[in-house]
Amino acid sequence: MANKNQPVAYARIHVLMARSALYGVVMRRGPSKQVCTIGWDREHDTFQIGQWLKGRIYERRCDLSPDGKRMIYFAMNGKWQSDVGGSWTAISRAPYLNSDMLEGKGDCWHGGGLFMDNETYWINDGYGHKVVPGHAPFDFSFKENNYLGECPGVYYPRLKRDGWVMTGKTDTISSFEKELWGGWILRKQAYATIDHPPGKGCYYDEHELIHTTRGKAIRHPDWEWAERDRDRLVWAEKGCLYTGTLNNDGLAEIQLLRDFNDMVFEPIKAPY
């Protein structure tokens, strides 16, 4: 008999959005050791499957170039005797995973990085990246002050770069806010804790809509990702991607863009 207290296993969704192009990459995870990258044409709200990986992509250590053409990602498949040592940082052509540049890591400390512009990037090295024979090495000339380890060391600088303002920080919660319109603010509570609820990892986000003049607050604890996209709000909830607008009462004109729950692993080759 099924356990009624067991959380429903929805797909986990995180999205990378290009800063100067109407493009994004959806990272869809589920089961826990399978992840798919999906290109999102934000002008027409159409989607193109990139590739699946049997392993884990650490989405909070990933980034898209401003033009949306390249992606930095950090991944782990646990094959510790392989050329990449079981984990690696790569730069690929979005939304695919086949790497143009690749270095093995061998553990899950640090890894990933951020694009400064379309050509310049910062690799979250810390220590341990190693060139893989047959692959182009990274350029480590650009240095970033990495004040945190693991996922927050890339994720929090990415949020700040993309217009989020850090408004508070405790040992386990970092609060960020972004101005929307009509007096509304989107608040993101970024958690980093080993004492996490069932169905969530040690890093997860919760969201809240705050009206600055009316004193109205609407919690959305099931939103695992949310962002402003031009004159609309977009968010991921229970394995689905939605869009909507805001009026005085809160969300309006809600539309389902894509339900990613029914996707299953399939081997796909990159077209390059």
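Me: What order do the strands have in the open sheet of E1, E2, E3 and E4?
Reply: The order is E1-E2-E3-E4, with antiparallel pairing. A strand is a DSSP run of E over at least two residues, numbered from the N terminus, and two strands pair if DSSP finds at least two bridges between them. This is a predicted model: local features need pLDDT of at least 70, side-chain atom pairs count only at pLDDT 80 or more, and totals for chains, interfaces and linings use all residues. Residues are numbered from 1 along each chain as its sequence is written, and side-chain values use heavy atoms, with hydrogens and water left out.

Me: How many bridges between E1 and E2?
Reply: Six, in the antiparallel sense, with E2 covering residues 23-29. Histidine 14 stands opposite methionine 27 in E2.

Me: Other topic. Phenylalanine 47, buried or exposed?
Reply: Phenylalanine 47 is buried, at a relative accessible area of 19%; buried means under 20%, exposed over 50%, partly exposed in between (1.4 Å probe, protein chains only).

Me: Which strand is phenylalanine 47 in, and what is it in contact with?
Reply: Phenylalanine 47 lies in strand E4, residues 46-54. Leaving aside neighbours within four places in sequence, its contacts (heavy atoms within 4.5 Å) include Val26, Trp40, Leu241 and Leu257.

Me: And which strands make up the sheet with E20?
Reply: That open sheet runs E18-E19-E20-E21, with antiparallel pairing. Its edge strands, each pairing on one side only, are E18 (223-229) and E21 (250-259).

Me: What stands opposite leucine 233?
Reply: Glycine 244 in E20. Strands E19 (232-237) and E20 (240-247) pair over five bridges.

Terms used:
Helix = DSSP H or I, 4+ residues; strand = E, 2+ residues; numbered from the N terminus.
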